[in-house]
Amino acid sequence: MKYDKKTAKAHSRATMKGIWAAALMPFKDDLSVDEDGFRRNVDHWIGDLKIDGFFITGKQGEFFSMSLDERKRSFELAVDACAGRAQTIMSCSDQNMDVVIELAKHAEKVGADYIVVHAPVLHFFKAQDETLLNYYRTIADKVDIGIALWSHPDSGYLMSPQLCSQLADIENVVAIKYSVPRPMYKDLTRLAGDRILVSTASEEEWLDNIVELGWQLYLCSSPPYLIQTKNDTRMRQYTDLAFAGDIDKARAVRDSLDPVRAALKDTRPAEKPHSHQKYWQDLLGQTGGRVRPPLLELTEEEKRATRVAFEACGLKIAD
Ligand SMILES: N[C@@H](CC=O)C(=O)O
């Protein structure tokens, strides 16, 4: 690690910037991890798309269908593939806190930049805040690496801005992906923006969050590599324009991506986000690959509809 526990917050503020994407994990036909495909994707994502950092083996990366050994191996693979050209944030989320801690220690050992720990599913509705404070404090106590929180509806509840502000006091809690309605993340930015980097999932809101909330970091999911190509880096462009203060131009570039967003959204079966995104990757020339059961693959008809929308969406593929 390039920092210690005491300097984790300062280090993250100085270096955790720009566009971070959540890597999908490609699986081969026999459902083993496609390490070569993953490396090719990472090379393209960094070299051509200039993505600044990656979530590894999180929800997008299908952590829930990977063994502990595979998850550990994926951290090593990601550090090696990024080779210092982009930063890594390893997903250590699990319902079992011992597993979270074991993964966190492994991430630290193999040279990850940060870890993310999702808010867990709680099987009761009493003293939730106290439980979550205890949960994150216990994990943070065991490692020095900077921790990002992720609160999102899958947990069955959303952490309140007041709770997140308390969690922001933990020495090595450095960031949060706060997948909540805008008023909530605006509140948290006001309450704790000096102690924690606040971000949210929505790509549509990213530009406004730079301009209106002064955000420096976008903890995204897959859009950075699904709505951009080597010859069409409009997301990177509008981000850089906004950081440079050229807001009108940034808005025009952002809005020009609306047909691409619509093509992706309108063809995605609600129950098949992973296989749909992986098929879109295949269309882009990246390595998408299979999903692991119980996730569902696209039908031939769903693929056809996606292909038609992809070809008409205006994303520039060739030189
Ligand atoms: N979208 C990410 C968010 C982080 O934890 C993921 O795929 O897990």
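Colleague: How far apart do the centres of the positive and negative side chains of the protein chain lie?

Modeller: This is a predicted model, in which local features need pLDDT of at least 70, side-chain atom pairs count only at pLDDT 80 or more, and totals for chains, interfaces and linings use all residues. Residues are numbered from 1 along each chain as its sequence is written, and side-chain values use heavy atoms, with hydrogens and water left out. Lys and Arg count as positive and Asp and Glu as negative, without His and the chain ends, each charge being placed at NZ of Lys, CZ of Arg, CG of Asp or CD of Glu. The protein chain has 42 positive and 48 negative side chains, and the distance between the two centres is 2 Å.

Colleague: Are the rings of Trp-206 and Tyr-218 stacked or edge-to-face?

Modeller: Rings of Phe, Tyr and Trp (its six-membered ring) pair if their centres lie within 6.5 Å; planes under 30 degrees apart count as stacked, over 60 as edge-to-face and the rest as tilted. By this rule there are 10 aromatic pairs. The centres of Trp-206 and Tyr-218 are 5.0 Å apart and their planes meet at 20°, so this pair is stacked.

Colleague: Is Trp-206 buried or exposed?

Modeller: Buried means under 20% relative accessible area, exposed over 50%, and partly exposed in between (1.4 Å probe, protein chains only). The relative accessible area of Trp-206 is 1%, so Trp-206 is buried.

Colleague: Which residues form one aromatic cluster with Tyr-3?

Modeller: Ring pairing also concerns Tyr-3. The residues that share one aromatic cluster with Tyr-3 are Trp-20 and Tyr-114.
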